[in-house]
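Visitor: I am new to this structure. Please show me how to read it, one feature at a time.

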Amino acid sequence: MIKLRIHTKEEKYKKEYNKLIDGSKGILGTAQKGEAEYADSQGWLDTEEWAGEEKVKKLEKLAAKIRQNADVFVLIGVGGSNNAARAVIKALQKAGTPDIVYAGNTLSPHALNKMLKKLAGKSIYVNCIAKNFETLEPGASFRILRKYLQERYGSKASERIIATGTAGSSLERLCTAEGYTFLEFPDNIGGRYTAISNVGLLPMAVAGIDIRELVQGAGDMQKELHAKKAEENAAFQYACLRNLFYRNGYKVEMLSSFEPQFRYFYKWWIQLFAESEGKDDKGIFPVAGEYSEELHSVGQFLQEGSPFIFETFLDVQEHQDSLLIEADGIQDYFDYLDGKDFWDVNKEAYKATVSAHSRRMPCLTLEIGALDAYHFGQLFYFFQFACYLSCKLMGVNAFNQPGVEAYKKEMFKALGKED
Ligand code: PA5
């Protein structure tokens, strides 16, 4: 299970923290029960609802067929429709599975042409994922790819297209008319909370990820976070701490780790918190730190720049990889490394960074058992639940995103889209 460590020594936080935990227990209790007010957005609270045995079995079967026939699997989607799958695939994809190529997350012709070049001469399958199928990026990319498949496969193109949309949506109608495989996008979950559903799980399964394990990890985390009281509930404590730091002037949270396998997980996490919390002139701005590389760039700012950032480290516990640094008989003044394992060197860098940064700003660590499918499941559920709690503590709606409409209105008008 995920363990929270608090590195901040300042006495003033201890008092305020205990007060906040004590005074906000009601918020945890309400969240554990689920709220009628948010019923149309909380389908993720019970993992069983959209990732029960039958649904997982169906996805495994479909993914096995795609794996057998595809060289390349194109994931069309943006934001909540691709971030979770990409986070896990980029970290854990199995060798020998189809290349996963991303579309529907850009309007750049350069990027789209580059994507199309990767398809030449390969066997292609496409999964278009869109909740309402009104978003410009996936809609436009899907057009290009449908045409491409049509030219390559003629009437057989439809056998290679899977669309994930809400029941009754225009995407479902398109599937019925054209004979594409249709998968349901949960109507009671907003995009950024859909990791553990058809949205996140099909592309992961195509990439050879054990989605059964991932769902199990999320389910176990659900049980834990719904059963544990405030004093032992790591998600609630994390939510309280980040609100406490925020109230003390720390308006930016940096999620950092020494494991580059988290690179795309950061993007998922950034979207989750930015879109859920950043409203009503409130919110903690989420950023990521990829260490040790970025200790040589933003590390300076963190240690001596404007003091408005607090840091949350992800630290993997299981020793998963080794690489020994052998002496080679050449005098290079790195003898102190002789015989050491990069795993241990990386850990020392983490400990030193926590020690230095926590003298300057509030720092937390979330300890994760291992970097595998099961623990990714835990992480998704943990952060979704913590984000919901954090939004409640801040007094904002965790499930809407009215702010993203402003630019869309202007863009659609300029492009001649009718209301
Ligand atoms: O979390 C959200 O609701 C958003 O980020 C959406 O996932 C994103 O805008 C994509 O929407 P759609 O799936 O409707 O194309």
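Guide: Start with the domains, whose bounds come from an automatic or database domain assignment. The centres of domain 1 and domain 2, taken over C-alpha atoms, are 30 Å apart. Domain 1 covers 3-33 + 214-402, and domain 2 covers 47-209. This is a predicted model: local features need pLDDT of at least 70, side-chain atom pairs count only at pLDDT 80 or more, and totals for chains, interfaces and linings use all residues. Residues are numbered from 1 along each chain as its sequence is written, and side-chain values use heavy atoms, with hydrogens and water left out.

Visitor: How many residues of domain 1 are in contact with domain 2?

Guide: Contact means heavy atoms within 4.5 Å. By that rule, 27 residues of domain 1 touch 21 residues of domain 2.

Visitor: What is the area buried between domain 1 and domain 2?

Guide: Buried area is the accessible area (1.4 Å probe) that two parts lose on being put together, summed over both. Here the value is about 1,900 Å², and carbon and sulfur atoms give 64% of that. Val-215, Tyr-264 and Gln-271 supply 29% of the area that domain 1 buries against domain 2, more than any other three residues.

Visitor: Which salt bridges and polar contacts cross the interface?

Guide: Side chains of opposite charge can pair when their charged atoms come close. A salt bridge is a side-chain nitrogen of Lys or Arg within 4 Å of a carboxyl oxygen of Asp or Glu. The rule finds 1 across the interface of domain 1 and domain 2. Arg-192 also pairs with Glu-275 in a salt bridge, with the closest N and O atoms 3.4 Å apart. A polar contact is a pair of N or O atoms within 3.5 Å; within protein, one must be able to donate a hydrogen and the other to accept it, and residues adjacent in sequence count only if both atoms are side-chain atoms. Across the interface, 11 residue pairs are in polar contact, both residues at pLDDT 80 or more.

Visitor: Which elements give two or more residues to the side of domain 1 that touches domain 2?

Guide: Helices (H or I, at least four residues) and strands (E, at least two) are DSSP runs, numbered from the N terminus. The elements are helix H10 (211-227), helix H12 (263-277) and helix H15 (373-394). H12 gives the most, with 8 residues.

Visitor: How many salt bridges does the structure hold?

Guide: The structure holds 19. In one of them, the side chains of Arg-212 and Glu-60 meet at 2.9 Å, N to O. Arg-212 lies in helix H10 and Glu-60 in helix H4 (residues 53-69), so the pair ties together parts that are 152 residues apart in sequence.

Visitor: Which residues are closest to the ligand?

Guide: A residue is near a molecule if one of its heavy atoms lies within 4 Å of it. The ligand has 13 residues around it, the closest being Ser-81, Lys-131, Thr-135, Arg-192 and Gln-271. An N or O atom in the side chain of Gln-271 is 2.5 Å from an oxygen atom of the ligand. A polar backbone atom of Lys-131 is 2.8 Å from a ligand oxygen. For a backbone N or O atom of Gly-80, the distance to a ligand oxygen is 3.0 Å.
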